[in-house]
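Hi,

Here is the structure I promised to pass on. Have a look at it first, and then read my notes below.

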Amino acid sequence: MTRAAGRPADALRPVRLTRGFTRHAEGSVLAEFGETRVLCTVSVENRVPPFLKDKGRGWLTAEYGMLPRATHTRADREAARGRQSGRTQEIQRLIGRALRAVVDLGALGERTLQVDCDVLQADGGTRTAAITGAFVAVHDALVWMQRQGMIAALPVRDFVAAVSVGLAGGTALLDLDYAEDSACDTDMNVVMTGAGRFVEVQGTAEGEPFARAQMDALLALAERGVRELIGQQKRALGL
């Protein structure tokens, strides 16, 4: 299968993680996966949800949204419609789960890390770009907290990143753009830690059902991609 710009089947799109992209948030990153661009910001709030009140531990939660002209045609803002779509709710819950998997919430005190992921431009893989970029923004917010004396040590257990994979014409592809994602037979989003452990696997056969061997091949390809993305995160953070 011929991919855009002659990209090999097992190659990521060009990835860029720009830290400090906005001025006011405790952590902010512009995550670019090819033509997909997601702004990830993290706010530190001195409060926790009611179910954690007086329990001496913190929380991390995420919100996800897409700007009206992030795609080919304008979509109404969900706020204007008065409700979030099921897709939006599913994605923001995924982002929150992915980040909570690698942050020691007990070390935060009664504080919340509010993560906002806003899609500026969509060309496939918005949720994977959001998770990958948001981790770097969370890391920066936690470093800020440590410098402010709010926490004693950096409560990061591991890195976490996400990537999409899929089958198109029998070929396993890494990091799908929109054209590939909309035409592939199988697509899968994989969230993994730096230690190679899975946080979440979302896989669907859009056409022909896939075999176990094909699933194993896709997971192996995703693992390679996540390792590359974590290397990008570490370079962005200077680690």
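To start with: which strands does helix α5 lie across? Helix α5, residues 212-237, lies across β6, β7, β8 and β9, and runs at about 140° to β6. Keep in mind that this is a predicted model.

Now for the sheet itself. Its four strands are ordered β7-β6-β8-β9, making an open sheet with antiparallel pairing. The edges are taken by β7 (171-174) and β9 (198-205); each has a single partner strand, so one side of each has no neighbour in the sheet. From one strand to the next, the twist averages 15°. Another helix, α2 (residues 86-100), packs on the sheet too, where it touches β6, β8 (186-193) and β9. The direction of α2 makes about 150° with that of β9.

For instance, Gly166 has Leu173 in β7 as its bridge partner.

Then there's the nonpolar side of things. As a rule, nonpolar side chains in soluble globular proteins tend to be buried together. Here the largest nonpolar core has 59 residues, and the members touching the most others are Ile95, Leu99, Leu113, Val115, Cys117 and Val138. Helix α3 (residues 126-147) is the biggest giver to this core, with eleven residues.

Beyond its neighbours within four places in sequence, Leu99 is in contact with Leu60, Val115, Ile131, Ala134, Phe135, Val138 and Val160.

Cheers

Methods:
Residues numbered from 1 in each chain as written. Predicted model: local features only at pLDDT ≥ 70, side-chain atom pairs only at ≥ 80, totals over all residues. Heavy atoms only, no water. Core = buried A, V, L, I, M, F, W, Y, C linked by side-chain atoms within 4.5 Å. Buried < 20%, exposed > 50% of the residue type's maximum accessible area, 1.4 Å probe, protein only. Helix = DSSP H or I, 4+ residues; strand = E, 2+ residues; numbered from the N terminus. Contact = heavy atoms within 4.5 Å. Pairing = 2+ DSSP bridges. Axes fitted to C-alpha atoms, helices over the stretch in contact; angles between N-to-C directions.
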